[in-house]
Protein chains: 2
Amino acid sequence: MLRDRVRRKALLDKVVSAEEAASLVKNGSRLGMSGFTRAGEAKVVPPALVERAKNDGLKIELFTGASLGNDMDGKMAAAHLLTRRSPFQADPVMRKAINNGEIMFIDQHLSLTAEAMRADQIKKVDTAVIEACAITEDGYIVPTSSVGNSATFALDADQVIVELNLAHTDQLEGMHDVYIPEKRPNRTPIRINSTMDRIGVPYFAVDPSKIAAIVETNIPDSAANNLPPDEETAQIAGHLLDFLKNEVKQGRLTHSLRPMQCGIGTIANAVMSGFQDSPFYDLEMYSEVLQDSTFELFESGKLLRASTTSFSLSAATNDHVMANLASFKEKIVLRPQEISNNPEISRRLGLICINTALEFDIYGNVNSTHVGGTHMMNGIGGSGDFARSGQMSIFVTKSIAKEGKISSIVPMVAHIDHTEHDVAVVATEIGLADLRGLAPRERAPLIIKNCVHPLYRDMITDYYERAVKRGGHTPHLLEEAFSWHVNLASKGTML
Amino acid sequence: MLRDRVRRKALLDKVVSAEEAASLVKNGSRLGMSGFTRAGEAKVVPPALVERAKNDGLKIELFTGASLGNDMDGKMAAAHLLTRRSPFQADPVMRKAINNGEIMFIDQHLSLTAEAMRADQIKKVDTAVIEACAITEDGYIVPTSSVGNSATFALDADQVIVELNLAHTDQLEGMHDVYIPEKRPNRTPIRINSTMDRIGVPYFAVDPSKIAAIVETNIPDSAANNLPPDEETAQIAGHLLDFLKNEVKQGRLTHSLRPMQCGIGTIANAVMSGFQDSPFYDLEMYSEVLQDSTFELFESGKLLRASTTSFSLSAATNDHVMANLASFKEKIVLRPQEISNNPEISRRLGLICINTALEFDIYGNVNSTHVGGTHMMNGIGGSGDFARSGQMSIFVTKSIAKEGKISSIVPMVAHIDHTEHDVAVVATEIGLADLRGLAPRERAPLIIKNCVHPLYRDMITDYYERAVKRGGHTPHLLEEAFSWHVNLASKGTML
């Protein structure tokens, strides 16, 4: 019952319909919305804003934690509601609007959006739309299945619209640890020294007079749509586990490794599943998202605890986790994304960071975002927050795509999100290349030998050898560095 | 007198010649040497190692803080002493050996070398050669005009060779603050909350039994070779100051701005000199190097205090500073480079970071290192430590080079050190582009209008407009993205 969840009774006066709440949003608003990797997004106000876009031509700028569930990004893009979107999305309709120049997309390190607003580097939001599972006696907002940037949005905004979603268990209350760094110059260290350290409060301490509307909803989060592990992802996991076993053997890591961060998606999820059949134990995660694989590792006792800003679970796993949430309360903490992704913590804890590459090149530069060097896929997400600051930065991908028409390892990536400075290890189903301490001319032969698909090995060797003849610290033939991408665009294949 | 500087008298037995000290270095050694931006490098052991290379074919791997003075890198490269070099150099002879593939150069974020060794991500050094201005009663090493990575090298090495350099004033003692982060998993926050906070000790607390040799020297640091400000650098400074004045006017900064980091070199030094005639005051620096401009700002009272890992001064300024060092003791602190450059601190303090680009592109990606995309100039240095973590990341360069044959703004940079995610502002003598909160399609027209030299404006506009017609979040024509670089290589001009 809504009445049980809104514990500051005076706020019951603010309960309105989604349409009434949406009417509070002014044209041209900068809207901060909850939601991270399809978890905890507002469910009914965005559709009401979509209706306004259709009826009165409403345009807004939208900021979130990351991607939204329930096709929210797609619906907003289809209705031409948005002029600007940041910091991440993962929707095919919105992607099209971004790539045709309709929506200005600011692809940002996920730890930096709230920070940039706090420091007046980008304008603050004026309205926040936040999904909650409760409002406390003090009028404070208890978030749901993600924290994202919601606390900062709610604190900064002139008005806050709360979606009280009864589909979320109220057992979520107490799992969040909301800590907001001080405004500079009075900033102090973020005192997280181990995965589960709690340094904040379990709610957003927003002035309740700013709560302009409360809307009741009862709509679950979207289920994650990861594919199950396949032969190639199992092989990638295998190479990674062999590598980590050797690290332990060499005395560079222990059986519990370091706390792990793992990016979202099918490959990353499959790689983490691989830890199930590994000799490692007492593992921890300090990540931005927990996927099904996390809970497999909890089940088997491999994983001790996990810090995150969001869940991204299949329907079955979500049902199981939410029904047994009490048992996870000592094992999981949900933080704002500027804390889950904070380089200060990532470097202090020395994370092992596993993220997915769209493509990487013979020197270990990584493209995480741009198809063909020009078309945005999803965004850099948190990969850049982690790759530079963790103890070890690993990027994985399958060596080929589209039945071999595309090689994921190319002479030069057509867009760079992670430079070779930030990439320690790369792996495909073919094998793994440990690039630590190696110069570019040592990296290239290793990547070619260990990671490139046999279909492309001769071609890429030929490129590299001719480039080396021309010289340089990082040999290239600029006039043909992108010839594989150009061939793909014109002939439909890199071969 | 050497005897006065070696206060642990038992260590006087270890005083030997440079040749004797050099004989302790085994073939194939990993050598950690002091020295950062031509300050505080070992002066006489490296030449003795060069002699060994000539006589007995000695080969070593060399790690330092950054670049070395007294042409040390050049001499070692000319003698083919080095098989490996990291993390930075700035010498024409060594550059050639790197680019022809003789020396394997690992171009690394300067904050990360010591960290990577501590965490066993790269092998530790076995021998350290450290310039000192004193050895304490406890046998601890007091460094000289730079700290760099020397503390970690000395702590890690099996044997330490100390060069006691009488050319350095013993007034340097007490200016250093040597703090070494704990080994993980017991790492705690680095408790620096403002520029001058001291959290360490003023020496390297090395087991004195590891001191294998002490060599007396009396050779000064090399003078910095910055060119004086010229018309273009003054214009760049002017644009930057106008921009910052407007930030104050808009309430986004105060008259004291934020602590500033400034890269090394002529342009950066000239830009900092520009603050002399600005309305800003009570300034602070939290940087990796202090150049002449820093002391102009101290002189005039504009600058209150400065944290650094090194000096890089002209002969005249160096003489003045070292003669009056006592007066700077409350205003300057010298730290290990993993602390001066630590992203944890840079983000906490919210630095304004000013670094030099070799070239940048229409979307704000920056090349700091590779001429023609292939040939190493110096290295990324600390720019990546700061650009991602400060409050505001600014890159500056002159719009053209070689009398206009080269445009520093190109359709696509041929090598990326800093992605558009990490670049907030770019400026040339033509003007400044504030890229904060802008999507690629908003960035490009602004950069073209504000920063590109008129010689290239039509060409680059034509490229961009044709690329936009093809679509994409970051429009490009891959088949001609590097045509300017290719033309330069084949025809000697980008025009």
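**Ground rules**

I number residues from 1 along each chain as its sequence is written, and I letter chains from A and number ligands from 1 in the order in which they are written. Because I am reading a predicted model, local features need pLDDT of at least 70 and side-chain atom pairs count only at pLDDT 80 or more, while totals for chains, interfaces and linings use all residues; side-chain values use heavy atoms, with hydrogens and water left out.

**Entry 1**

I then looked at both spans, taking helices (H or I, at least four residues) and strands (E, at least two) as DSSP runs, numbered from the N terminus. Residues 8-216 of chain A are 22% helix and 19% strand, with end C-alpha atoms 15 Å apart. Residues 323-463 of chain A are 30% helix and 24% strand, and there the end C-alpha atoms are 55 Å apart.

**Entry 2: a sheet in each chain**

Here two strands pair if DSSP finds at least two bridges between them. In chain A I found an open sheet of 3 strands, ordered E15-E14-E21, with mixed pairing. Its edge strands, E15 (366-367) and E21 (409-410) of chain A, each pair on one side only. Strand E14 (residues 359-361) of chain A runs antiparallel to E15(A), joined by 2 bridges, and A:Glu359 stands opposite A:Asn367.

In chain B I also noted an open sheet of 3 strands in the order E15-E14-E21, with mixed pairing. This time I followed E14 (residues 359-361) of chain B to E21(B): 2 bridges join them, and they run parallel. B:Phe360 has B:Ile409 as its bridge partner in E21(B).

**Entry 3: where the chains meet**

How many residues of chain A are in contact with chain B? I read 75 residues of chain A against 75 of chain B, contact being heavy atoms within 4.5 Å. The two chains bury about 6300 Å² between them, 52% of it on carbon and sulfur atoms; this is the accessible area (1.4 Å probe) that two parts lose on being put together, summed over both.

Between chain A and chain B I count 6 salt bridges, each a side-chain nitrogen of Lys or Arg within 4 Å of a carboxyl oxygen of Asp or Glu. A:Arg84 and B:Glu442 form a salt bridge, at 2.5 Å from N to O. On the side of chain A that touches chain B, helix H14 (343-349) is among the elements giving two or more residues, and H14(A) has the largest share, 5 residues.

**Entry 4: a link inside chain A**

Over all chains the count is 68 salt bridges. I picked A:Arg436 with A:Glu247, whose closest N and O atoms are 2.7 Å apart. This pair links distant parts of the chain, 189 residues apart, with A:Glu247 in helix H8 (residues 231-249) of chain A.

**Entry 5: backbone checks in chain B**

I found a cis peptide bond from B:Ser86 to B:Pro87, omega near -5°; B:Pro87 sits in the loop between strand E3 (82-86) and helix H5 (92-99) of chain B. Another cis peptide bond joins B:Arg184 and B:Pro185, with omega about 10°. B:Asp120 has a positive phi of about 60° although it is not a glycine.
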